[in-house]
Amino acid sequence: MMQNILIGILIPFLGTTLGSMMVFFLKKEMPAFVTKFLLGFSSGVMIAASVWSLLIPSIDLAETSGKIPWLPAAIGFLLGIGFLLALDTIIPHIHLNSQESEGLKTKFSRSVKLMLAVTLHNIPEGLAVGVIFAGIVTGSNAISISSALALSIGIAIQNFPEGAIISMPLQNEGFSKRKAFIYGSLSGIVEPLAALFAIFMSNLIVPLLPYFLSFAAGAMIYVVVEELIPESQNGIHSNVGTIGVAFGFVLMMILDVALG
């Protein structure tokens, strides 16, 4: 059991690392339409994961325990939105294809702020994986190991393009390929750390599991609406981003239903 859990929380980080390795194979910056498709694809995966892997189990758990089914999901979702909004306001970062920094004013370089932007939206993904595995650790019957692994695999799949999207601009900013790969990979290290934190707090989390599941969903949806979709729709080829959303959503839905 513990081996499966360890593998599960490391799978998303592996996706980021493999994506960052693309800096060794791609000589130039990725074409805009490819970047937009991958951003859209990531959005679709995260939306589907939020619904099938987090919100629906949250509602089912609340109903099983005799609570108002929609209440924990609604409260947790809004708290997750608020949590990422607070981090977005505090952490200095800059989005892809943007010249304006967000968060607190610092003297960080543009490349560091780019990495922090990716790190910022890896936090809810790590929490989502950790929360769902925390439910397994404490013996929750509402969550199976296969559904938890489906979530990990889905996030790893969408982390692959994210790793490439962060490492390639770092190289264009003047980093060597090796440093761009290392920094791109490190942007994803927050995911297993956040997952381990959630599992460590499992005794606290499980009584409130419906709230924590929907909290993770809200945090993920914030990232999709605030960052990924706007970046995928910016400029030309915006329809490519929309197509990416469709493919990502369907793939994650299939994974969750087939494995869950």
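**Notebook: helix packing and buried residues**

Valine 129 counts as buried, I noted, because its relative accessibility is 2% and the cut-off for burial is under 20%. The model I consulted is predicted.

**Entry: valine 129**

I placed valine 129 in helix H4. I then listed its contacts, leaving aside neighbours within four places in sequence: Gly8, Ile9, Pro12, Leu151, Ser152, Ile155 and Ala195. I also looked up one separation: the C-alpha atoms of valine 129 and glycine 103 are 26 Å apart, and the two residues stand 26 residues apart along the chain.

**Entry: glutamate 191**

Is glutamate 191 buried or exposed? I found glutamate 191 to be buried, with a relative accessible area of 1%. I located this residue in helix H7, which covers residues 190-200. Beyond residues up to four places away in sequence, glutamate 191 touches Pro12, Asn122, Glu125, Gly126, Ile155 and Asn159.

**Entry: H2 against H5**

I examined the pair H2 and H5, whose axes lie 9 Å apart at an angle of about 160 degrees. Angles over 145 degrees count as roughly antiparallel, and I therefore recorded H2 and H5 as roughly antiparallel to each other. Their crossing is left-handed. On the H2 side I listed Thr35, Leu38, Leu39, Phe41, Ser42, Val45, Met46, Ala49, Ser53 and Leu54. These meet Leu151, Gly154, Ile155, Ile157, Gln158, Pro161, Glu162 and Ile165 in H5. Sorted by class, the contact of H2 with H5 comprises 12 nonpolar, five polar and one charged residues.

**Entry: H3 against H9**

How do the axes of H3 and H9 cross? For helix H3 (residues 70-90) and helix H9 (residues 209-233), I noted an approach of the axes within 6 Å and a crossing at roughly 45 degrees. H3 and H9 are therefore oblique to each other. The crossing is right-handed. H3 contributes residues including Pro72, Ile75, Phe77, Phe83 and Asp88 to the contact, and H9 contributes residues including Tyr211, Phe215, Ile221, Glu226 and Glu227. I recorded the classes for the contact of H3 with H9 as 17 nonpolar, four polar and three charged.

**Entry: H5 against H6**

I turned to helix H5 (residues 145-172) and helix H6 (residues 177-186), whose axes come within 8 Å and cross at roughly 145 degrees. H5 passes H6 in a right-handed crossing. In H5 the contact residues are Ile166, Ser167, Leu170 and Gln171; in H6 they are Lys177, Ala180, Tyr183 and Gly184. By class I noted four nonpolar, three polar and one charged residues in the contact of H5 with H6.

**Entry: nonpolar cores**

Which residues touch the most other members of the largest nonpolar core? Among its 49 residues, I found these to be Leu54, Phe133, Leu151, Leu209 and Leu213. Helices H1 (2-20), H2 (32-64), H3, H4 (110-137), H5, H7 and H9 each give two or more residues to this core. H9 gives the most, with 11 residues. Apart from this core I noted another, of eight residues, among them Ile94, Leu114, Ile166 and Leu170. Cross-checking my entries, I saw Leu54 and Leu151 listed in the contact of H2 with H5, and Ile166 and Leu170 in the contact of H5 with H6.

Methods:
Residues are numbered from 1 along each chain as its sequence is written. This is a predicted model: local features need pLDDT of at least 70, side-chain atom pairs count only at pLDDT 80 or more; totals for chains, interfaces and linings use all residues. Side-chain values use heavy atoms; hydrogens and water are left out. Axes are lines fitted to C-alpha atoms, for helices over the stretch in contact, and angles run from 0 to 180 degrees between N-to-C directions. Helices (H or I, at least four residues) and strands (E, at least two) are DSSP runs, numbered from the N terminus. Angles under 35 degrees count as roughly parallel, over 145 as roughly antiparallel, 65 to 115 as roughly perpendicular and the rest as oblique. A crossing is left-handed if the near helix is turned anticlockwise from the far one by less than a right angle, and right-handed if clockwise. Contact means heavy atoms within 4.5 Å. Ala, Val, Leu, Ile, Met, Phe, Trp, Tyr, Cys and Pro count as nonpolar, Asp, Glu, Lys and Arg as charged, and the others, Gly among them, as polar. Buried means under 20% relative accessible area, exposed over 50%, partly exposed in between (1.4 Å probe, protein chains only). A nonpolar core is a set of buried Ala, Val, Leu, Ile, Met, Phe, Trp, Tyr and Cys residues joined through side-chain atoms within 4.5 Å.
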